[in-house]
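User: I'd like to learn how to read a few features off a model. Could you walk me through them one by one?

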Amino acid sequence: MCDHYHDGKECPDKHDLYKHSKWKHSFNFKSQDTLYNFWFARDFIKKNCSVILVESPGNVWKLEEAGIHNSVALFGTNLSVNQKMLLDASGAMTIIIAMDNDDAGRKASDVISNKCQKIYNIIKLKIDAADIGEMSVDDIKRLIVPQINKNL
């Protein structure tokens with residue numbers, strides 16, 4: 001056993017270990033009821049009137065490294081009803097959608113945009129890398145900081 005959290009009998013390939021994080025396989029964890037980092041980001045969301053939606057905690061970590069503190073992760077590509085209720089109560093007026101640069105991410109971006117466009121100002125970011133986590137801190141700042149500053 002590799003000491004990672006997965007439910008398969010065989011340990012995953014080392015390149016796939018990130019898919020088997022603790023939260024995803026914790027007993028009774030309901031990803032649809034929470035937004036990763038919301039507890040920390042909510043004060044920054046209120047201050048900036050904007051929230052950055054990403055797919056995974058790793059993308060939040062990279063945004064934190066870049067000094068951007070108003071991001072939350074969906075634990076995937078679906079914005080559930082309960083997650084949307086958290087956003088509705090957050091004080092955000094703008095949702096900056098920064099899903100991964102793949103088919104699932106682009107589809108999720110469109111679905112989230114359609115679900116939220118009547119209530120929020122929507123900004124869909126185009127990312128050149130596979131996801132936020134693979135971008136440099138400088139590239140993240142150039143891409144996202146101007147979007148946040150538009151809302152201030």
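User: Let's start with accessibility: is Phe44 buried, partly exposed or exposed?

Analyst: Some ground rules before that. This is a predicted model, where local features need pLDDT of at least 70 and side-chain atom pairs count only at pLDDT 80 or more, while totals for chains, interfaces and linings use all residues. Residues are numbered from 1 along each chain as its sequence is written, and side-chain values use heavy atoms, with hydrogens and water left out. Now the scale: buried means under 20% relative accessible area, exposed over 50%, and partly exposed in between, with a 1.4 Å probe and protein chains only. Phe44 has a relative accessible area of 27%, so Phe44 is partly exposed.

User: Okay, and how do I read a pair of aromatic rings? How many aromatic pairs does the count come to?

Analyst: You describe a pair of aromatic rings by the distance of the centres and the angle of the planes. The rule here takes rings of Phe, Tyr and Trp (its six-membered ring) and pairs them if their centres lie within 6.5 Å; planes under 30 degrees apart count as stacked, over 60 as edge-to-face, and the rest as tilted. That gives four aromatic pairs. One of them is Tyr36 with Trp61, an edge-to-face pair at 6.5 Å centre to centre, with 75° between the planes.

User: Which parts does the pair of Tyr36 and Trp61 tie together?

Analyst: Quick note on naming: helices (H or I, at least four residues) and strands (E, at least two) are DSSP runs, numbered from the N terminus. Tyr36 sits in the segment before α1 (38–48) and Trp61 in helix α2, so the pair links parts that are 25 residues apart in sequence. Tyr36 is partly exposed at 26% relative accessibility, whereas Trp61 is exposed at 53%. Ring pairs also join Tyr36, Trp61 and Phe75 into a cluster.

User: What kind of pair do Phe40 and Phe44 form?

Analyst: Phe40 and Phe44 form a tilted pair, 5.4 Å centre to centre with 45° between the planes. They are four residues apart in helix α1, so about one helical turn separates them. Phe40 is partly exposed too, at 30% relative accessibility.

User: Back to α2. Which residues of helix α2 are buried, and what covers them?

Analyst: Helix α2 spans residues 57–65, and its buried residues are Pro57, Asn59, Val60, Lys62 and Leu63. Contact means heavy atoms within 4.5 Å. The cover over those buried residues includes β1 (50–54), β2 (71–73) and α5 (137–149).

User: Now backbone angles. Which residues have a positive phi although they are not glycine?

Analyst: The background is that most residues other than glycine have a negative phi. Asn37 has a positive phi of about 80°. Asn37 lies in the segment before α1 and is buried, at 8% relative accessibility. Cys49 has a positive phi of about 55°; it lies in the loop between α1 and β1 and is partly exposed at 27%.
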